[in-house]
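Here are my notes on the model, as numbered points. Please read them alongside the structure.

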Amino acid sequence: MSVQTRNARTTTPQITARKGGEPIVCLTAYTTQVARLVDPHVDLILVGDSLAMVLYGLDSTLGVTLDMMIAHGNAVMRGSSTACVIVDLPFGTYQESKEAAFRSAARVMCETRCQGVKLEGGTEMAETVAFLTERGVPVLGHVGLTPQSVNQMGGFRAQGRSDEAARRITDDARAIAEAGAFALVIEGTMEPLAREITGDLAIPTIGIGASPACDGQILVTEDVIGLFTDFTPRFVKRYGEMGRLVSEAAEHYAGEVKRRQFPGPEHCFGTGPRN
Ligand code: KIV
């Protein structure tokens, strides 16, 4: 009996196979509707814990729980059909031990049916990444600026400025790649260093504030469409002005309600000819 696969989604091995080839296009999504809109245009959707700031108004990613990530992961899976969907493991759900990391990852994968998880960290997380990947959990690594360590880094600053810091990030990237990650996010890192790491690794690098030489790029969708404007990092390019459009639409609606122009007869029941 042959087993037919119903899965039309890009797989994590397909992402790995894109090393050095056509750039891998990635965006974040947290909701069904945004997932539906970006899915036809991207290879990978990340349900990022950046939802803390973007959706929930928090000042860092530290307030995110596994249940929140699972709820948003489910929403994104419902809205997408072709992209590879990866869900972030939030702070505190994987650092304690590789067993704790497996339990968190297994919950995320079983309860959302996403294709893998992302976790932050370098050499200190390599054993955990190996433990997960040897047990069927594809892992997207994340080095450089790691927002879950904001308190240790003393703010959201580009990383890899000194020779020692650059050596540390290079070691982190190598350790995560050797541990079996299918790809690696490099965030907020000096451009020449991100370029060098990309040339050095056998797995694809996905840059955000890193380098055009990375094998792919990722941005937060709400940054790209101008819906999150609390702060705009240097690495963001805005491709739309949804914030302005929402504000103008709300103002227009409020004016029509106040002038009793909305609702019109066409929006009411029982105002047309009876049949
Ligand atoms: O949480 C997130 O959205 C991320 C990406 C920006 C890489 O980690």
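Into which domains is the protein chain divided?

1. The protein chain splits into domain 1 (12-240) and domain 2 (242-275), with bounds taken from an automatic or database domain assignment. The centres of domain 1 and domain 2, taken over C-alpha atoms, are 41 Å apart.

2. This is a predicted model, in which local features need pLDDT of at least 70 and side-chain atom pairs count only at pLDDT 80 or more, while totals for chains, interfaces and linings use all residues. Residues are numbered from 1 along each chain as its sequence is written, and side-chain values use heavy atoms, with hydrogens and water left out.

3. Around the ligand (a heavy atom within 4 Å) are Thr28, Leu46, Gly48, Asp49, Ser50, Asp88, Lys118, His142, Ile208 and Val220.

4. Of the 260 Å² of accessible area that the ligand has on its own, the protein covers 95% (Shrake-Rupley method, 1.4 Å probe).

5. Strands here are DSSP runs of E, at least two residues, numbered from the N terminus; two strands pair if DSSP finds at least two bridges between them. Strand S8 (residues 216-219) pairs in the parallel sense with strand S1 (residues 24-28) over four bridges, and Cys26 has Ile218 as its bridge partner in S8.

6. Strand S7 (residues 205-208) also pairs with S8 in the parallel sense, over two bridges. Opposite Ile206 stands Gly216 in S8.
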